[in-house]
Number of protein chains: 2
Amino acid sequence: MSKLDEALKEIKPVNPELMAGAQQRLDCLTKPKDSLGRLEEFARRMVAITGQMRPAVRKRIIFTFAADHGVADEGVSAFPKEVTRQMVLNFLGGGAGINVLARHAGAEVKVIDIGVDHEFDEADGLIRMKVVNGTANMRKGPAMTREEAEKCIEAGISLAREHAGPGVIFGTGEMGIANTTPASAMVSAFTGASVEDVTGRGTGIDDRTYETKLAVIKDALKMNRPDASDPLGVLAKVGGAEIAGIAGLIIGASAMRTPIVVDGFISTAGALCAYRMNPAVKDYIFASHNSVEKGHRIMLESMGLDPILDLNLRLGEGTGAALAMTIIEAGVKIYNEMATFGEAGVSEEKGQR
Amino acid sequence: MSKLDEALKEIKPVNPELMAGAQQRLDCLTKPKDSLGRLEEFARRMVAITGQMRPAVRKRIIFTFAADHGVADEGVSAFPKEVTRQMVLNFLGGGAGINVLARHAGAEVKVIDIGVDHEFDEADGLIRMKVVNGTANMRKGPAMTREEAEKCIEAGISLAREHAGPGVIFGTGEMGIANTTPASAMVSAFTGASVEDVTGRGTGIDDRTYETKLAVIKDALKMNRPDASDPLGVLAKVGGAEIAGIAGLIIGASAMRTPIVVDGFISTAGALCAYRMNPAVKDYIFASHNSVEKGHRIMLESMGLDPILDLNLRLGEGTGAALAMTIIEAGVKIYNEMATFGEAGVSEEKGQR
């Protein structure tokens, strides 16, 4: 059995009784019942995900997968392709958005070269797991072979297995110039939504470039005919190496019962792919935020995920995941640290009826 | 001139040129323009509020005002009145929701007895500024005299003046059994919205208690006839001591150019009162979250404030303010810590047109 099949088989839906048990404790804390809303939901879910009745967050890791895209040659982005490489160096130097927000959240950033069209020297914080030197141009044929796509997924699974452990929470992130183009193609392939409905302006493209982007995505879908019932095929044909890596990380995290905070549009395309392989991954995912990219909500709704934040973000890298992590952790602390009515000597609700 | 009039006169709208200057720096950072959405807004606003081109958050203080309400005698809450006192002790013991979330945010909690119907001993973290031993029952007459309401406001102003300083950010919070009842009455008085449209279930009351609550608010409005053009009168007639304290804290913070994060429904009633006294306070306010209490959004919209979080919270105490503070601080860090395109050697946007 392949690494991928093995991990997919390990993933089990969480036990709802664990959530009910957690709610019992939440209802004894000195606050009106349910008054901390989604913070209580996050605490319940952390109990169910980890199987620990007193879960803690002790280690936070953001995995930022970087890759290039052949389709960048079609002029679908506002930035030149070399920015993928340059931004990897910026991540390693600590000056990018994800570095700032990860520091704020107390998280470590691991940068994975899974498909950048450049040979990096060894560097602290860089994990070299290159599968492709950028994907092929999906307007002209499949972005990757099935084997390459599977290798990218397995890289993500390995990372999850290596870094999972008690008290660990993962976040996903990515960097890849032009990668909203394959992500939009994947959403359309998986959900059947029109290309127009799932394609946004990425880094901020003008009207002419947007028209080009729509045409390129339509051509790529026509050329490759991805089949929604074959998620690996969708990834290979119109996906990307970093998206496949993220799908793998999510699959691995779910197999290891490790909570995973999914960043924005691109990361969610990876999540959707993992979900189509085994819907139980949903139980291990926290949707960090609602991106400006309009295809994002369609994906989240198709998986029944409710984003934590809505701050008009559209940077990627893992920035939304880092921010949302702090809110999830707040929920866990509420659960662990608040006094009960008994402990604090506070009177409980009156019988009103 | 009274302390209140003096502070109101000091408040000036922020200078929009400072925001434009901040945006110039934001646009040089290694990210697509505007891609960090509201985080960029928070950074711009922090520059404009403080007048510092490189603002920092170094000290975070949540002021949790506690007070009792005569109207609790009408049976409008799910909790008995002694819970106000008990929760003050819980705050001082560090076991309440606000303690947990303030620790998470790196904030200090200051508890102000501004109107609890109990004499507290001196205690670390407790500020004794009692103006009333609970308000009078507003169903039967005014909750406070104008002089009492003004004294509560001035207590808030004094606190703001004492604690403001470079790098300081304030948050508001409150505790007062039955206080959604006066807050709803205030929203109706100020906005003209119907009592039904601004009255929620507070700590979680049942249908019969809810009907009572509606009747009590209607009676109080009929009895006291608050006049929206006289905000101090509204506060005195159908408000509360903690709500007045919060209004004062916001007025004082605005006079001192100190950012203030306003918590949920009750705190926003205080903010609305301050806003009706001088609309420029709005420039200094961050609306932390969108409460479950349905009158909340009506108030926020009437001031043109857009809440940062939407997590189905309805606890008060300052819990939403503590959480939102961490997000605002993230925006400030983005502004201060990200590398520019030049520093990082990253190529800027291509000319697309």
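**Domains, sheets and paired chains**

Tutor: About 2,000 Å² is buried between domain 1 of chain A and domain 2 of chain A, with 61% of it on carbon and sulfur atoms. Of the area that domain 1 of chain A buries against domain 2 of chain A, 31% is supplied by A:L4, A:I11 and A:I49, more than any other three residues. Before we go on: this is a predicted model, in which local features need pLDDT of at least 70 and side-chain atom pairs count only at pLDDT 80 or more, while totals for chains, interfaces and linings use all residues. Residues are numbered from 1 along each chain as its sequence is written, chains are lettered from A and ligands numbered from 1 in the order in which they are written, and side-chain values use heavy atoms, with hydrogens and water left out.

Student: What makes an area "buried area" here?

Tutor: Buried area is the accessible area (1.4 Å probe) that two parts lose on being put together, summed over both. So the 2,000 Å² is what the two domains of chain A lose, counted on both sides.

Student: How many residues of domain 1 and domain 2 of chain A are in contact?

Tutor: It's 19 residues of domain 1 with 26 residues of domain 2. Contact means heavy atoms within 4.5 Å.

Student: How do you know which strands of chain A pair up in the sheet, and in what order?

Tutor: DSSP has to find at least two bridges between two strands before they pair. Strands themselves are DSSP runs (E, at least two residues), and helices are runs of H or I with at least four residues, numbered from the N terminus. In chain A, six strands make an open sheet in the order 3-2-1-4-5-6, with parallel pairing. Strand 3 (126-128) and strand 6 (285-287) of chain A are the edge strands, as each pairs on one side only. From one strand to the next, the twist averages 25°.

Student: Why do strand 4 and strand 5 of chain A count as a pair?

Tutor: Strand 4 (residues 168-175) and strand 5 (residues 260-262) of chain A share two bridges, and the cut-off is at least two, so they qualify. A:T64 partners A:G173 in strand 4, while A:A67 stands opposite A:G115 in strand 2.

Student: Is strand 1 of chain A mostly covered or mostly open?

Tutor: Mostly covered: eight of its nine residues are buried. Buried means under 20% relative accessible area, exposed means over 50%, and partly exposed lies in between (1.4 Å probe, protein chains only).

Student: Then why is A:R257 called partly exposed?

Tutor: Its relative accessibility is 38%, which sits between 20% and 50%, so partly exposed it is. A:R257 is in the loop between helix 11 and strand 5 of chain A, and its phi is positive, about 50°, although it is not a glycine.

Student: What about A:N312?

Tutor: A:N312 has a relative accessible area of 41%, so it counts as partly exposed as well. You'll find A:N312 in the loop between helix 13 (295-303) and helix 14 (319-337) of chain A. A:N312 has a positive phi near 55° and is not a glycine either.

Student: Is B:N90 buried or exposed?

Tutor: Buried, because 5% falls under the 20% cut-off. B:N90 is in helix 4 (residues 82-93) of chain B. Leaving aside neighbours within four places in sequence, its contacts include A:T30, A:A339 and B:N99.

Student: How do you know how chain A and chain B are related?

Tutor: Two copies of a chain are related by a rotation about an axis and a shift along it. Here chain A can be laid on chain B with an RMSD of 0.0 Å by a turn of 180° and a shift of 0.0 Å along the axis. The copies are thus related as by a two-fold rotation axis. In chain A, the C-alpha nearest the axis is that of A:L309, 3.3 Å away. The superposition is by least squares on C-alpha atoms of residues with pLDDT of at least 70 in both.

Student: Why do you say the copies meet through the same surface?

Tutor: Because 100% of the interface residues of chain A are also interface residues in chain B.

Terms used: Axes are lines fitted to C-alpha atoms, for helices over the stretch in contact, and angles run from 0 to 180 degrees between N-to-C directions.
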